Structures are given as structure tokens and as C-alpha cells.
Amino acid sequence: MLETSFDTNKPSAHLVGKPLTWSCGLHSLGEPFFTPTLPTPMGDAHWVSQNRAFGQELGLDDAFWDDPMSLLALSGNAVWPGSQPVASVYSGHQFGVWAGQLGDGRAVSLGELDTPIGRQDWQLKGAGPTPYSRRGDGRAVLRSSIREYLCSEAMHGLGIPTTRALALCASKLPVWRETVETAAVLTRVAPCFIRFGHFEHFASVGDSDSLQRLVHGVIAQFFPDIALQQLPLEQATVVWLKTVSQRTAELMAQWQTVGFCHGVMNTDNMSALGLTLDYGPFQFLDAYDPEHICNHSDHQGRYAYQRQPQVAFWNLFCLGQAVATLVGETEPVLQALNVYKTAYPHALQARWRQKLGLSAAHGADAELIDSVLHLLSDGAVDFTIFWRRLSQSVAASAEMGPVETAWTPVRDLFLDQRAWLDWERRYIHRLGTQDLGTTGAAMLHVNPKYVLRNHLGETAIQQAQLGDFSQVDNLLALLRHPFDEHPESAHLAGFPPDWASSIAISCSS
Ligand code: AMP
Ligand code: MG
């Protein structure tokens, strides 16, 4: 039974000093966008992890976490007073094919809360069936929920826009995937979870009135700079599309330069706010392989690492097509989408230059970047370790002077020493008169020591499946600060073990 009655004289959950007060921003659009949907209880639930650090950003105090009602509500076993859970409808293109209506098949939004970091939608993922579950069970397994929980926070730690993860609960409820697993409920938090697919949905059913209301609502609440201009909707839509193109370009540049593969870049997994959204078969590259496919269900390699930027552009076109009817003319829509074509290479070059520690742009940089990426791919060099060692070499040269030993750790990564030494010489020449101490320090702040490699997640999952959640908490704390040294965790920054390459991550979650 779902518990819905409470002693209202005693607030059961708190933002610091006050009870949770659910407000209604975008959700006030109501039907047909959001359908009231109660979570389904999952039986005796327990915490897997509480992200208290993020809780603090939201203004949640310790009393929140210690309140038994928080576990009940965040596992879907109860609903807080004032919260009116909803599921939303969207459609989308999956693997390049129109998939029709999808919707929140296993997520319910509890409502929106005003917090110190702005109004935030709290969503339970895996809390049972919704009107949009189709043939699914509405559940998420512990394995995939740990991956999403950790990766959301790892991406945030890397400075990459993402939905956040507040808590993870689980129970013994069996869930059938390839084998029988157990259920978990992830609390994820974002200003909103609106996807390209939401717009595609209302365009596809020819409901232009709802499409207008959605675009207007999203701009009004999440794009205040555009809203302030008080443009007619046709023009506001174009400006908004430009902004989404720009943000998506920035996001792709960040993914590419940290070696992040999303794995399922369907239009229903693309955020209208430019956030990384829906972590499924994602992977951070181990060895640098531009053709790497992280999703074992992606037989064609549609979402291979190097294809992500083109796919994002393709997805933006789907969004553009959906809202084009509001604009009337095609040309302004195309222009808005074309922002991506200049914004992406610009953002990408800027990020690579930052990783190389280059303080100003130079015409020959593109060649320097291309050639080092070729070396990495030819030698199957570990991506994260390379950039970290390069940063350390620059920092060490500042202390030791131009001695060989400063460069040994990064040189050792390459079998083809001649090719490497040639690049190294050109790179040092390019650094020129830059202060190497400052440059090295800056590089250590953009080239992480720690990323959520598959095998790290896998080890935490295996322990969690045996009831030990300590490694989930350890990784959460570590990945919040991926640029710091954390000497006690240095073993988690090493090369992946041989078995890492045999981890098969599919869409099954
Ligand atoms: P995804 O591949 O996780 O982005 O999911 C694609 C669509 O399938 C979304 O509409 C999800 O809500 C839905 N979905 C995925 N898994 C389930 C499930 N176990 N139960 C119901 N719907 C699901
Ligand atoms: Mg999805």
C-alpha cells in the first residue's frame, strides 16, 4: 500500500529550516503534457547511497536524510504531502528511425522545488509503471541505476552539464532482464527533463496549440534572456533553437574532449537544456579509439564515439523540423540549426587547446591537435592517462627544467617513440614562452585524473549486489573532485585491467 496520510503538524522532510514546499512551474501545463501518476511501492526499501553533498546544494539538512519519510518517498513507497507526481509524454527517433510515442515509461516527477540552485524537478526513475510504459515493467535494476547515479555526479564533477543524482534506494523486488536482478529507484534532479522528443511528439500528432504552449513554457521558465526580449513566438522559437544548437555544440565538445560516449543518442535522450541526460550504456574511453562503440546493442555503430557530434546535429534537425511549423518559414530554422556548424568546431578547438595548455589560439593548432590524436589512436594509448601525464610533464618541466625525466612518464605511453618525440618537440616549441608552472597547473584542472571507467563502476556494482555499498559512496566522493590527486585512491586512476574490455553494456537496464 502506498502511504499518503501524514501528521501534517510535523513536517516530515526539510529544506534547511523549512518543510519541502512543492511548487508548480512547468508542471502547471498539466494535461496533455503531464499525467498524474503515483509511484508503485517496491517493498521494503533501503538506502544504497545518499548524496548528501548534492543535498546541501539543494538546501537539504541532515534531518532530511535521517527522516524515515525520505526513504519512503524516494523509494516510491510513499508520497510527500503536497507532491503531485506526474509522468510526461514524448516521442522520438531511435537509432535514426521514427519510434512514435514513448514517454516517461519508468520515471515519475514528484514536483518542482525552489532550492538555492534554482527551481528543480525531482524525478524517481524506476518507480513502477506509468501510462507510457508500453510493454515495460517501469522498473530499473540496481546495476544500471548505480551507473547512472555515479556518472551523473562524475559528469558534474568534470564540469559537464548534466542531470544530477540525489539518492539511490533499492529493495529485493525481482526484476527480469537477461537474468533476474533486483530493483532500484534513482532520484534524479534537473531544472526540467524536457527532451527534443517532447517537441517532436506534439508536432507529430499535429497538436500545434500544445506545441506552442510547450515552447512558450520552456522559454519562459528556462531561458529568461529570451523571455525578456518579449518577441513574437515565431521569433522567440528561432532564438531559442539557436541557443539549443549552441548549448548542444558546447556539450558535444565537452563529451568528445573527455572521451565520453553516451551510447544511445536517440532524440528522446537529448535535453532541451543541453544537459547530459539518460545514462544507459555510456562509457569513458579507455584506449583512444575514435570508432569505439560502447553500446553492445548498437550493431551499426551509429553512436560510436566519433559520430556523436554529427548525430547531435541530426537530432537538432529533428527538433528544428518539429518546431518549424511555429516559425512558418524554413530559412530562419535552418540558420538557427547552422549555428551548430560553427559553434561545435569552435568549442571543440577551444577545449583541445585548453587540454594542451595553450593560452592563445594559433593557426597551426588544428594540425597539432589532429596529429596527437592520430598518435593516440595509432598506439591505442589510454586517453585519460595520456592527458594527465602530459599535464604532469609540463608541470614537472617548470620545476626540473628542460630535462628528459620530466617527459618520461608520457613518452612511455608510446611504442612509436620517433613519432612521439617529433610531436613532443613541436608541442614544446608551441608552448614557447608560456609560463610552464601556470600552464601545467591549469592543465591539471582540465585533464582529470579520475573518470568513471566501466571496470570501476562494475566493481562497485558487484559489491553492491552482495550488499556492500561502500564502493558506491567512495566513487561518488572521488568523482566529485576528479582533478584532485587523492593519493589514497591512485589505484583507481590506473590502466584498466584486462577484463575491462570484456564488460558488455547493452540497452538492458
Ligand atoms: P531508454 O532507452 O532508456 O532511453 O528508454 C527508451 C524508452 O523506453 C523511454 O520511453 C523509457 O521510458 C522506456 N523504457 C525503458 N525501460 C523501460 C521499462 N523497464 N519500463 C517501461 N518503460 C521503459
Ligand atoms: Mg531515455
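This is a short walk through a predicted model, stop by stop.

Before you start clicking: residues count from 1 along each chain as its sequence is written, while chains are lettered from A and ligands numbered from 1 in the order in which they are written. Local features need pLDDT of at least 70 and side-chain atom pairs count only at pLDDT 80 or more, with totals for chains, interfaces and linings using all residues, and side-chain values use heavy atoms, leaving out hydrogens and water.

**Stop 1: the metal.** Select the magnesium ion (ligand 2). Asn 269 (OD1) and Asp 278 (OD) coordinate the ion at 2.0 to 2.2 Å. Donors here are N, O and S atoms within 2.8 Å of the metal (3.2 Å for Na, K and Ca); water is not among the atoms, so the site may look incomplete. Asn 269 and Asp 278 are both buried (under 20% relative accessible area; exposed is over 50%, partly exposed in between, with a 1.4 Å probe and protein chains only).

**Stop 2: Val 258.** Next, pick Val 258 in helix α8 (residues 233-258). Helices are DSSP runs of H or I, at least four residues, and strands are runs of E, at least two, numbered from the N terminus. Val 258 has a relative accessible area of 9%, so this residue is buried. What does Val 258 touch, leaving aside its neighbours within four places in sequence? Show Leu 158, Ile 160, Phe 284, Phe 383 and Pro 448; contact means heavy atoms within 4.5 Å.

**Stop 3: two helices.** Now colour α11 (residues 365-378) and α14 (residues 417-431), which pack at about 150° with axes 11 Å apart. Axes are lines fitted to C-alpha atoms over the stretch in contact, and angles run from 0 to 180 degrees between N-to-C directions. That angle makes α11 and α14 roughly antiparallel (over 145 degrees; under 35 is roughly parallel, 65 to 115 roughly perpendicular, the rest oblique). For the side chains, include Leu 368 and Leu 375 from α11, and Trp 420 and Trp 423 from α14, among the residues that meet.

Stop 4: Finish in the loops. Glu 31 and Pro 32 are joined by a cis peptide bond, omega about 5°, with Pro 32 between β3 (22-23) and β4 (34-36). Phe 95, between β7 (91-94) and β8 (97-101), has a positive phi near 50° without being glycine. Ala 380, in the loop between α11 and α12 (383-400), also has a positive phi, near 45°. At 47% relative accessibility, Ala 380 counts as partly exposed.
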